[in-house]
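Q: Hi! Could you walk me through the aromatic rings in this protein model?

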Amino acid sequence: MRLFRTPQFTSAALVACAVWPVIMGLLWVTTARTVPLIKVRWVPGVADEQRTATERELSLVWRDSTEPRTVTYLLMDADRENLRRIVQHPLVEDTAFIDRAAYALTNAPSERTWAGDRFMASWPWALLYVSVFGLVASLIPLLYRSRDQRTYAALRPVLPCVLWLGAFVFTVSSFVFLNDHFDRISRARQIARYGEWPFRDFLDPGYYMTEFVSAGMQLLLGDSLLGDLLLSAACIATGTVLVARLSLHVSQSILTALGASLIALLMLPRGYDFDKVLFYPLAVALCWRYIDVPTTKRVWAIAAGAVIAALFRYDTGVYTVGAAVVAIVAVHAGDWSTLWRRLGMLAAAVACLSLPVLVVLQLTAGVSDAVDQVVTYAIREGAGTRIVTPPALNAGAWSFENANALLYYLFHALPLAAILVLTLKTRSGSASRNEVAKVACLIVLCVTLNLFILRYPVVARVGGISGPAAILAAWILHSVWQVRGPAALLLRTASVLVLSLFVWSVSTAAAWEERLTAGLARPSRFTSVIRTAAASPPDPDLIGSRASTALVLYLRECTRPTDRILATFFAPDIAFYAQRGFAGGLAALSAGHWSEPRFQQRSLQSMTTHPPALVIQRSRDTEFRQGYPLLARYISTHYRAVGTTEALAGPGPESLLLLVRNDRAARGTHSASALPCFR
C-alpha cells in the first residue's frame with residue numbers, strides 16, 4: 001500500500017493519465033473542420049443495424065434526433081455524387097437542406113466537427129473521463145507535497161474554478177427542458193412581456209424571485225430559453241462547488257470532496273431545481289460559518305440567506321432557519337441568555353430583511369392573498385405527492401423500480417447512520433463541540449428534506465436534495481476511515497458496498513445510459529445546446545411531441561401576437577413556444593390546483609378582461625369538467641370547436657380539441673391543415 005503513496009508512483013500515474021487527453025487534444029487540433037448539417041427522414045421500419053450501416057455508407061455522422069424517424073446529421077462528404085446517393089437511397093424517405101432535383105445543398109447550417117464526432121463506441125470517451133479524473137487525483141498529492149508553498153497557494157483557488165467550469169459545461173451539455181420548468185418560464189414571460197405581477201395578475205405557487213430573475217434574463221437575452229439555461233447551469237455549478245468545499249471541510253480529503261460533489265452532480269438534478277441545488281448547500285455553509293465564529297454579523301448573514309432563498313422558493317427559507325436554530329442551540333447550549341438573545345436576533349433579522357418584500361407584496365397583490373395562494377398550492381401538492389406506502393423492493397431484479405426504492409431508503413437511512421456515528425464519536429470524546437453542532441444541523445436539514453421534499457416521484461426529487469446528503473455521506477466515510485482496530489476492515493468494506501449500491505441506484509434511476517452519452521464530451525454538443533436555446537422564437541421541435549409542435553406552429557401562424565391562450569391540462573410549454581400569453585391567470589392546470597371556487601371566480605374575472613383567443617382541451621377531459629366546473633361552464637358557453645390536432649399532425653395517441661370564442665371570426669386558413677385562422 002505504501003507504493004501507491006510514493007511521489008514516484010504519483011508522478012507515473014500523472015504521466016499515464018495524460019497520454020489519452022493529449023492524443024484527443026492533438027486530434028481536435030489537426031482534424032477540426034466545418035461541415036454542413038442536413039436532416040434525413042428514414043422510411044418506416046428501418047432497423048438500427050441497417051441505419052448504422054447506411055450512415056457509414058453515406059458519410060453521415062449522427063448529430064441529433066427530434067422525431068422518431070428524423071435525424072440531423074453532420075455531412076462529412078458534400079460532393080454532388082454523395083448527395084445524389086442520399087436522395088435516391090431506398091431507405092431515405094425525405095431530406096432537408098438538399099435540393100432533391102439539383103443534388104445541391106440549400107441554406108444548410110454548418111457546424112464545427114472533428115474526428116472524435118465519428119467515434120461510435122463509448123470507450124474513447126469513458127477513457128477520457130477516467131484519464132481526466134486520474135489527472136486531477138494525481139496532481140493534488142503532488143501539489144500537497146510541493147515545497148514551494150507559494151505555488152500551491154496560487155493554484156489552490158484554481159481548483160474550485162476548474163470544478164465550477166466543468167460542472168457548468170456538463171450541466172449545459174446534458175440539459176433537458178422538461179415541461180415542469182415552463183411552469184416557471186411561462187410565468188416569467190408573462191412578467192417580461194405584459195408587465196404582470198405574481199399573485200396579483202396570475203395565480204402563483206410562490207416562485208416569486210425565480211420568475212423575476214427568469215424574466216430579467218428574457219429581457220436581457222431575448223425571448224428565448226438561453227437565459228434560463230445559463231441561470232440554471234450557473235446555480236447548479238455553484239452548488240456543486242459548495243458541496244465540494246463543505247465535503248473537504250468535514251473529510252479533509254480532496255478526493256472524497258471531489259467524489260461527493262461529482263455524485264451530487266451526476267444525480268442530474270432537474271433544471272428547474274437549480275434553486276434547491278444552490279441554496280441547500282449554501283444554508284449549510286452559512287450555519288457552519290456561524291458555528292466557527294458565532295458573531296452577530298453571521299446571524300445576519302444566515303437571515304439574509306434565508307430570506308433570499310425564500311424568495312426563490314418559500315420553503316427553502318424555512319428549512320434554512322430550522323437548520324440555523326439547531327446550530328445556534330448546539331453552539332450556545334448551557335449559556336441560555338446568549339442562546340435566547342441569538343435566537344431573538346435571528347428572528348428580528350429575518351423580519352427586518354423580509355419587510356421590504358412584504359411591503360411590495362402588500363402594494364401589488366396583498367400579503368394575505370399571496371399567503372393564501374402559496375398555502376393552498378402547498379397543501380394540495382403535498383396531498384397529491386405524499387408517499388403513503390414506501391416503495392417495495394423486488395428480490396433479484398436489477399430494475400428502475402428497485403433503484404428508485406433503494407434511493408428512497410438510502411436517503412432516509414443516511415441521517416440515521418450519521419446519528420449513530422455522531423453518538424459513538426461523542427461518547428468516545430473524539431468529536432469536538434463544533435463538529436457536533438455542524439453535523440447536528442446538517443442531519444436536521446437532511447431529515448427535513450426527506451420528510452417534505454422526498455416525495456413521489458422519488459427520482460425527480462433526489463437531484464435537488466443531493467447536496468446536503470453528499471456532504472453528510474462524506475463526513476460518515478471520513479469518520480469510518482478513522483476507526484482503528486478489528487472492526488475497521490468490516491466498517492470500511494460495508495461503507496464501500498453501500499456506496500456502490502448507491503451509485504448503481506443513481507445510475508439506473510437517473511438513466512445514465514441514456515443521458516450520459518459519448519456526445520456530451522464533444523465541444524460541438526455544448527455550442528449546439530447554447531445555439532438552440534438562444535433561438536428566438538424557440539424551436540418548437542424541443543417539445544418532443546409531434547402534435548404539440550404542430551399546434552405551436554399553428555398558434556404562431558393563426559393567432560395574433562397579443563392573443564392569449566388557455567390549456568385546460570398541464571401544458572405550460574405550449575404558451576411559451578407559441579410566444580403567446582396564458583389567460584385566466586393560469587399558467588398550468590393539473591392535480592386540482594386552483595380548483596377552489598374562489599380561484600375559479602378569479603380566473604373567470606381575468607378571462608373577462610383578457611379573454612383567451614383559443615382554448616385547448618383534451619377531447620375527453622372529464623377531469624377538467626369535474627374539477628373546474630365554473631371554468632368548464634364558461635368555456636362551453638362562450639367557445640366553439642374549430643378542429644383538432646389530428647388535422648395538424650395526423651392521428652395520435654391523444655387528440656386535442658381547439659376552441660375559439662363565439663364572437664371571433666376566421667380570417668383565412670392555415671396553410672398546412674386548412675384549419676381556420678384568427679389573426
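What follows is a short chat about aromatic rings.

A: Happy to! This is a predicted model, where local features need pLDDT of at least 70, side-chain atom pairs count only at pLDDT 80 or more, and totals for chains, interfaces and linings use all residues. Residues are numbered from 1 along each chain as its sequence is written, and side-chain values use heavy atoms, with hydrogens and water left out.

Q: How many aromatic pairs does the structure hold?
A: There are 22 aromatic pairs. Rings of Phe, Tyr and Trp (its six-membered ring) pair if their centres lie within 6.5 Å; planes under 30 degrees apart count as stacked, over 60 as edge-to-face and the rest as tilted. One of the pairs is W164 with F168, which is stacked at 5.2 Å centre to centre, with 10 degrees between the planes.

Q: Where do W164 and F168 lie?
A: Both are in helix α6 (residues 158-173), four residues apart, or about one turn of the helix. Helices here are DSSP runs (H or I, at least four residues), numbered from the N terminus.

Q: Is F168 buried or exposed?
A: F168 is buried, with a relative accessible area of 13%, while W164 is partly exposed at 28%. Buried means under 20% relative accessible area, exposed over 50%, and partly exposed in between (1.4 Å probe, protein chains only).

Q: New topic: which residues form one aromatic cluster?
A: That cluster is made of F175, F177, F182, F576 and Y577.

Q: And what sits over the ring of Y207?
A: The charged end of R184 does, 4.1 Å from the ring centre. A charge sits over a ring if NZ of Lys or CZ of Arg is within 6 Å of the ring centre and within 35 degrees of the ring normal.

Technical notes: Helices (H or I, at least four residues) and strands (E, at least two) are DSSP runs, numbered from the N terminus.
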